[in-house]
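Trainee: I am new to this structure and would like to work through it with you, one question at a time. Could we look at it together?

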2 protein chains.
Amino acid sequence: MSALYAIVLAGGSGTRFWPASRRARPKQLLPIAPGMQEPLITATVERLAKRVAPERTLIATGAHLVAATRAALPKLPESSFLGEPAARNTAACIAWVTAIALRRDPDALLMVLPSDHHIADAQGFDAALDRALRSAQDGAITTIGITPSRPDTGYGYIERGAEVSPGVHRVTRFVEKPDRTRAEAYVASGRYVWNAGMFFFRGRTMLDAVERHLPELAAGIREIERAAAAGSDAERRVTEAVFPTLPAVSIDVGVMEREDVLHVVPASFGWSDLGSWETAWELASRDADGNAAPEDALLVGSRDNLVCDLRTGDKKPRIVGVGLKGYCVIATDDAFLVIPRDRAQDVKLAVEALARSGRTDEL
Amino acid sequence: MSALYAIVLAGGSGTRFWPASRRARPKQLLPIAPGMQEPLITATVERLAKRVAPERTLIATGAHLVAATRAALPKLPESSFLGEPAARNTAACIAWVTAIALRRDPDALLMVLPSDHHIADAQGFDAALDRALRSAQDGAITTIGITPSRPDTGYGYIERGAEVSPGVHRVTRFVEKPDRTRAEAYVASGRYVWNAGMFFFRGRTMLDAVERHLPELAAGIREIERAAAAGSDAERRVTEAVFPTLPAVSIDVGVMEREDVLHVVPASFGWSDLGSWETAWELASRDADGNAAPEDALLVGSRDNLVCDLRTGDKKPRIVGVGLKGYCVIATDDAFLVIPRDRAQDVKLAVEALARSGRTDEL
């Protein structure tokens, strides 16, 4: 097998876990899943550690997040951290990092993994990874698709076709987030899986696909590679000049939806993209009343709540809920959020209100 | 008219405004009514200041609360503060303070007022006071009864009979907290008013009534008075010995329900006993969405909430509510309470839980 590289996508800056997640401290840098002791990205890299050497684990993140991200991954060398000069979506990021891996190892086999997802069943994940990597080694860009547990309209779906080897299917098509009716039909058909944003490929295969579908992006990457051959100063200068001009398109839309031969490994391993505080409650271990709360919180006559206490320091006011049903109560050092679980997506309304009133230090 | 004394009852130690109210800082020492700048007891005494001299304003409180109570009433002399050696309910307290007033002025006219109620219409209150004091001066123990605005089952009711002078009625009977059906009948009849715990009487009249209905209490008070004649050391010693043995009964049950001739002045002056956080919301000035909240709280898509921020210090985490409807959110330096308004009475469940787990410092 070729030398294996991991590209961990850590550019996220979502607002769905505000006030825990912030511009300068996005979700992947937090131990957001209940019971976690370490940030999501740390767990992501640990899951890969036994098959990917530290120097081949490449973390793509925003330039402004490199320092905080390094702090979460002390076992990786400085060369693992690649700060994008500008956010240009996933196609540019993946093509850029793939080219860097190929520079180090022309036969590199790569996997792209989001940094901020939760995986409950590490063994199941490993088994799916084995299949996906074998398929990628054999030449096809391969993805892992999650067997859907409900007709969720928040995910893209992948339709699978014939099985080409044990547990590996041809992809019939990629579809973006469907409406409810279509999502229900997809799930009922048994042929669709969720797109979890995990991709496996030989480096050369990916850059060839980028060349076919996104020639402008491929040209930009070539320009950076030429500069890199002239030395790291030139590389840095050209990257900073070229990167912001690259087409900003997702790898799904820019490459996957246009590529003819793709493989998918359907799998279930307790995957969650941790889309909101509601998801955090779903994943949490809960008491007999359905509450997930730290020991020092006091819930009386309350059911099905998530209390998440991310405060530091010694003197933390005790969180007390009486008669609370189905709420999220989130405490950080500078905010205290109360929101019904079934409105967890509306955290963004609070973030928008703070932005409108110029409270940028709280975003 | 005789010299007028006020007895302000400030022994309360309720839990209904937890976490704002505490054992060592009961409700009357807090500016609990929204918009208030001063504690309830300070407002109570200020309302009386133009008719009762400071040295005749007597504050009956628990011995452990004297220092905090004095701090809230800096205009009163030290002699105004009477610390009960033990809590023996209102009959003992009122008889004891009445005897002290009579010692200073044998013809004293007295009024007893709770320290922790809210009165919106100070002029209406003054007019009722005038009538009640005239009636008391003429010899009858007199009370002010609040015209009920709803069939509340949390108050005692007073049935009024014939009008004996303008705005003053005979009392037919005192009734304790009724059930819902009876409360509705009382309100429908138009003959009942709420017992607001305000009493007006000549000192001698009250002690005679205590003698008739609670002879054991009268005997205890006489023993204290005899000791007082021998000097303040003897008074202190005997008070501390006798007070804890006095019958613990309310003035309503011990005297009012048994006394034949009582007068009542029906009145409405925006009275509230501030029974819970729900009442605080009702009294608060609210915005167009029905929210009563400090400016630095952020409420989005939220209606009819009370946010009460009693925290000190500079760095206070921002309180943010999204999709909150009908909640109380109360922040102090050591607790953060979230409770539906319609369960506000259940704050006591949290207090009980803290007591059970030995968190006495938080009570």
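Trainee: How many of the five residues of strand S15 of chain B are buried?

Mentor: In this predicted model, strand S15 of chain B covers residues 327-331 and is largely enclosed by the rest of the structure. On one side lie Tyr327(B), Val329(B) and Ala331(B), on the other Cys328(B) and Ile330(B), and both faces are covered. The number of buried residues in S15(B) is therefore five of the five.

Trainee: Which residue is the bridge partner of Asp309(B) in S15(B)?

Mentor: Strand S13 of chain B, residues 306-309, runs parallel to S15(B), and four bridges join the two. Asp309(B) belongs to one of these pairs, and its bridge partner in S15(B) is Ala331(B).

Trainee: Which residue in S16(B) stands opposite Ile330(B)?

Mentor: Strand S16 of chain B, residues 335-340, is joined to S15(B) by five bridges, and here the two strands run antiparallel. A hairpin of three residues leads from S15(B) to S16(B). Across this pairing, the residue of S16(B) that stands opposite Ile330(B) is Leu337(B).

Trainee: Which are the edge strands of the open sheet that holds S13(A) and S12(B)?

Mentor: Five strands form this open sheet with mixed pairing, in the order S13(A)-S15(A)-S16(A)-S14(B)-S12(B). From one strand to the next the twist averages 10 degrees. An edge strand pairs on one side only, which here holds for strand S13 (306-309) of chain A and strand S12 (298-300) of chain B.

Trainee: Which residue in S14(B) stands opposite Leu298(B)?

Mentor: S12(B) and strand S14 of chain B, residues 318-322, run parallel and are joined by three bridges. Within S14(B), the residue that stands opposite Leu298(B) is Val320(B).

Trainee: Which residue of chain A comes closest to the rotation axis?

Mentor: Chain A is superposed on chain B by a rotation of 179 degrees with 0.2 Å of shift along the axis, at an RMSD of 0.1 Å. The two copies are thus related as by a two-fold rotation axis. Because 100% of the interface residues of chain A are also interface residues in chain B, the copies meet through the same surface. The residue of chain A that comes closest to the axis, with its C-alpha at 4.1 Å, is Val338(A).

Terms used. Residues are numbered from 1 along each chain as its sequence is written. Chains are lettered from A and ligands numbered from 1 in the order in which they are written. This is a predicted model: local features need pLDDT of at least 70, side-chain atom pairs count only at pLDDT 80 or more; totals for chains, interfaces and linings use all residues. Side-chain values use heavy atoms; hydrogens and water are left out. Copies are superposed by least squares on the C-alpha atoms of residues with pLDDT of at least 70 in both. Contact means heavy atoms within 4.5 Å. Two strands pair if DSSP finds at least two bridges between them. Axes are lines fitted to C-alpha atoms, for helices over the stretch in contact, and angles run from 0 to 180 degrees between N-to-C directions. Buried means under 20% relative accessible area, exposed over 50%, partly exposed in between (1.4 Å probe, protein chains only).
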